[in-house]
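Subject: Structure handover

Hello,

Please find the structure below, followed by notes on what was found in it.

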Amino acid sequence: MSDTTTQPGVMSGSKAATALARKRDEFRYLRLATTVIVTLMVLTPILALVYGSFRTAAPGAPGEWTLRNYWALFSPGVVRTMGITLAVGLLTSALCIVIGTIITLIVHRTDFRYGKAVTMMVGLAFYFPSFILAMAWIIIGAPGGIWNVVLGTWLGLEWLRIDVYSLAGIVFVMVLHQVPFVYLTMRGPIMGMDGIYEEAARVAGAPPRRVLFKVTLPLLSFSLLSSFILTFIITIEQFAIPALLGIPAQVNMLATQLYLLVRFSPTDYGLAAAIGIALSVITGAAIWAQRRVTHSGRLTTVTGKTSRLNPIRLGRWHWLATLFCFGFIALGLVAPMLMLIYTSLIKWFNANPMQAAYTFQHYAAIFSSGSTMRSFSNTLIVSGVGAAFGVMLGLLTSYFTVRSTATRSRYLDFIATLPFGVPGIVLGLGLLWAYAYLPLPLYGTLTLIIVSFVTRYLPYATETIGGQMVQVDKSLEEAAWVSGATKAQGVRRILLPLVAPSIQGAYFLMFMAFFREISSAILLYTGATAVISISIWAFFEQANWGLASALSVIATLIIFVAMALITALYPAARRK
């Protein structure tokens, strides 16, 4: 006699399969809608940009088909700009890797006493907007800036004069802006690395210097290379720093060249589109290389037998480590912030604080200006509503890519990650081309800026949420389904509570990114849709340093307070 009994609470395989089959297509319309929305949002500006690169006229104007724009990429001027872009990207990335890794090793591999303070200050520097940092260093290091006036004019130390309006100035400020990113990306691999290898080398008699170069750095090689490539990508697509520091010195990178071709006469939208395509190809190739590095070759640095490594004693070199870490913090955060505060509190610029006329008129002017207050409300709408929409779209995208092995899920994953390779200003230009032809009244509205921001930062949401979702075993949801729950109930009661921290984290990342973003909006805004970053940019273009500094101080304080509140409310953020 065959045994047909089952244990209590355990459903037979055929019954489970039947239950799962009933759930399989419950979300088919939602999956289709998600795929269509993501495809339209991502491909519309890219295809419009490709279209524009073959046209002779501006968006919406009659023109002809041409290959001239691509031939122009080989002109001496564009080739020189491309060379400058690659050189700045490589040099900045190399310096950032060296400085960021040294700070990380000091904080997490030695007996450095101020590790928590350095981590907190570097975190603040990470959220310091790039265009505000560049503005602060213009106040400090321009030919008539405070540094040159004090050391050159007053003290007669002409050899100490600097000029941030130069290629060296661009690299310097870029390094200040990108080192915190390297620190945060290298912190995890260095903290998680098993100390058994280094301990074995020390037991064998190797001095600390030899252990560092023969053991530690080789073990971190793939993390270092990955961080180098990501830093390179962020650098070459950067717009604000090279625009503020490079345009006055006629030192252009591809992003600023694109901006000049669109904003100033004589305009050439077709060449700008071709440059945007070229820049996207470079960043896309770099992203492909980074993915190959992170997925193909890895060294095992975390084993089952974890060894706690005794911190390296700095001894008499502790002062040098302290000077190095806090020296960077002074240059990348403290000095720029102090300069902005000082400039915001004086009627007109004066390099001598003892002779300056102090006033709060710039702050009063900001809060009494209707256009500036409108930029505050626009920023809150774009950041709050846009981040919520982006997280919802990212959650759906992550669910349909992580929980499915079908070909369509791979397509959705590819489309959702495509914006990683499209710089913000290129995306803005693509949308400018797209909505000049599409019968949608979006140009000149906050909706278009939200679409631009969400498209650009959608990979932030999918990577953050998908990274935790992939760790949740699907059998937990399946257990709910075979017990009678609908697929939606299984997701709501089982999956969402488990991935809630990553959803909160994704919202935080997108909110902060939207609040600081300028490159995606610089070609799309109007007077009625300007956000805080655009208002600061406009004040600085008008040489109104007082108002630009005051608004920068307010915006930076809002960012720091928001970061502190979300870190306090979101415990996982404290562990990152």
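This is a predicted model: local features need pLDDT of at least 70, side-chain atom pairs count only at pLDDT 80 or more; totals for chains, interfaces and linings use all residues.

Gln 250 is placed in the loop between α12 (240-246) and α13, where helices are DSSP runs of H or I, at least four residues, numbered from the N terminus. Its phi is near 55°, a positive value in a residue other than glycine.

Residues are numbered from 1 along each chain as its sequence is written, and side-chain values use heavy atoms, with hydrogens and water left out.

Ala 543 also has a positive phi, near 65°. It sits in the loop between α23 (532-541) and α24 (545-569) and counts as exposed at 56% relative accessibility.

Most residues other than glycine have a negative phi, and most peptide bonds are trans. The bond from Ser 265 to Pro 266 is cis, with omega near -5°; Pro 266 lies in the loop between α13 (254-263) and α14 (269-296).

Thr 231, in helix α11 (residues 221-236), is buried (under 20% relative accessible area), with a value of 0%. Leaving aside neighbours within four places in sequence, Thr 231 is in contact (heavy atoms within 4.5 Å) with Ser 93, Cys 96, Gln 178, Phe 181 and Val 182.

Regards

Conventions
Helices (H or I, at least four residues) and strands (E, at least two) are DSSP runs, numbered from the N terminus. Buried means under 20% relative accessible area, exposed over 50%, partly exposed in between (1.4 Å probe, protein chains only).
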